[in-house]
Amino acid sequence: MTREDTQHQQPSPSAPYPKAPSASAPSAAEERSATIAVWAFPAFILIGAAAAFFFPAPFTPLAPHVTTMIAVIMLCMGLTLTLPDFALVLRRPLPILVGVIGQFVIMPLGAVAVAKLFGLNPMLAIGLLMLGSVPGGTTSNVVSYLARGDVALSVTMTSVSTVLSPIVTPIIMLLLAGEETPVNGSAMALALVKTVLLPVIGGLVLRVVFNRAVTAILPILPWLSIVAIGGVVFPAVAKSSATLATVGLTALLAVIIHNLIGYVLGYGAAKATGASEAVCRTTSIEISTQSAGLASGMSGTYWGPEAAIPGAIAAVWHNVSGAIFAFVMRRVDARRAAASDALAPADASHAPTAPTAS
């Protein structure tokens, strides 16, 4: 691994979770914090979703507040950003371009292909397309950290795709949605500006103006986001519990295959540009990991509870698959290190020895 690759692995100070490590190797506490974060999220969502499925009545009153919950999620993301995150666009445009274009090309087209493969009904198909058309999720930042990717690049890719989403997401939906599921592009764009762009920009401004105060509350922002995503997912599950009983397994398989497409093609796209291993991992994670809470909320708002199911499932699965990916990548690194250590003594034994004096 080159020195440049090692430097690129250092997380941005604005990474939402865990706390960014120093230039030295990450501490055990930082590793533990990251692992807890990536597993606590799906556990919370899974337990809450199960409760909403079996006991929907307490969760359905949350439905009118979904838009507010999305805005809270995006505000938390904005608060974790700094201006240098966007400056990275000028310093390293190629990997960011590959990641963002891949995000808005591979995942929407993959959603259409998977919907046709599984013969999804129009509501599930439009929900999967929305999942593929929204920007990357902030979970990708901690997965990149755990997978020893390029976390600064991950944060910037997520930020750029989020800022572009009010324009790009409605266009994708208009181009790819079927005739059975009409799309109000202008209304969707306005809603994304209100619930995504403005909260993110507002959070960034607050971070710049009140940096000391915001820095003090950074550790709680991931957990606040998790609760807010629950506020989006749980009412979606509660309102579609009857439908989930019949289509839940099919929808789960569709989300898994869609996610896998993002991992494989994302890694391949970065590799084709000659990117380092750290950048390839990060691009793979960024393209495959969507803002599932946003997808679920937007789908439920425009097409109903059944359309929100793919996003609700992805809110759990994307974190599980991310943890698995990080585990596999760390195992790969460990095996490479072990192989390198095993070769070192052999190389030393074949080295020529200096002649001794007679």
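Q: Is Phe 234 buried or exposed, and how is that decided?
A: The general idea is a threshold: a residue counts as buried when its relative accessible area is under 20%. In this predicted model, Phe 234 has a relative accessibility of 7% and is therefore buried.

Q: How many aromatic pairs does the structure hold?
A: The structure holds five aromatic pairs. One of them joins Phe 59 and Phe 234.

Q: What is the geometry of the pair formed by Phe 59 and Phe 234?
A: The angle between ring planes decides the class, and over 60 degrees counts as edge-to-face. For Phe 59 and Phe 234 the planes lie 80 degrees apart, with 5.9 Å centre to centre, so the pair is edge-to-face. This pair links distant parts of the chain, its members being 175 residues apart. Phe 59 sits in the loop between helix H2 (28-54) and helix H3 (66-79), whereas Phe 234 belongs to helix H11 (residues 221-239). Phe 59 has a relative accessible area of 17% and is therefore buried. Ring pairs also bring in Phe 44, which forms a cluster with Phe 59 and Phe 234.

Q: Why do Arg 148 and Asp 333 fall into separate accessibility classes?
A: The class follows from the relative accessible area of each residue. Arg 148 has 33% and is therefore partly exposed, while Asp 333 has 16% and therefore counts as buried.

Q: Which residue forms a salt bridge with Glu 277, and where do the two lie?
A: Glu 277 pairs with Arg 281, and their closest N and O atoms are 2.8 Å apart. Both residues lie in helix H13 (residues 277-288), four residues apart, which is about one turn of the helix. Glu 277 and Arg 281 are both buried.

Q: What connects Arg 281 with Asp 333?
A: Their side chains meet in a salt bridge, at 2.7 Å from N to O. The bridge joins helix H13, which holds Arg 281, to helix H15, which holds Asp 333, and the two residues are 52 residues apart.

Q: Where does Thr 80 lie, and what does its side chain approach?
A: Thr 80 lies in the loop between H3 and helix H4 (83-91). A polar atom of the Thr 80 side chain lies 2.6 Å from the backbone oxygen of Met 77. With a relative accessible area of 4%, Thr 80 is buried.

Q: Which residues form the nonpolar patch on the surface?
A: The patch consists of Leu 75, Leu 83, Ile 201, Val 205, Leu 206, Val 208, Val 209 and Phe 210, with about 690 Å² of accessible area together. Helix H9 (residues 185-209) contributes the largest share, five residues. Ile 201 lies in helix H9 and, at 40% relative accessibility, counts as partly exposed.

Definitions and conventions. Residues are numbered from 1 along each chain as its sequence is written. This is a predicted model: local features need pLDDT of at least 70, side-chain atom pairs count only at pLDDT 80 or more; totals for chains, interfaces and linings use all residues. Side-chain values use heavy atoms; hydrogens and water are left out. Patches are made of residues with over 30% relative accessible area and no salt bridge: like charges are joined within 9 Å, nonpolar side chains (Val, Leu, Ile, Met, Phe, Trp, Tyr) within 5 Å. Accessible areas come from the Shrake-Rupley method with a 1.4 Å probe; for residues, only the protein chains shown count as cover. A salt bridge is a side-chain nitrogen of Lys or Arg within 4 Å of a carboxyl oxygen of Asp or Glu. Buried means under 20% relative accessible area, exposed over 50%, partly exposed in between (1.4 Å probe, protein chains only). Rings of Phe, Tyr and Trp (its six-membered ring) pair if their centres lie within 6.5 Å; planes under 30 degrees apart count as stacked, over 60 as edge-to-face and the rest as tilted. A polar contact is a pair of N or O atoms within 3.5 Å; within protein, one must be able to donate a hydrogen and the other to accept it, and residues adjacent in sequence count only if both atoms are side-chain atoms.
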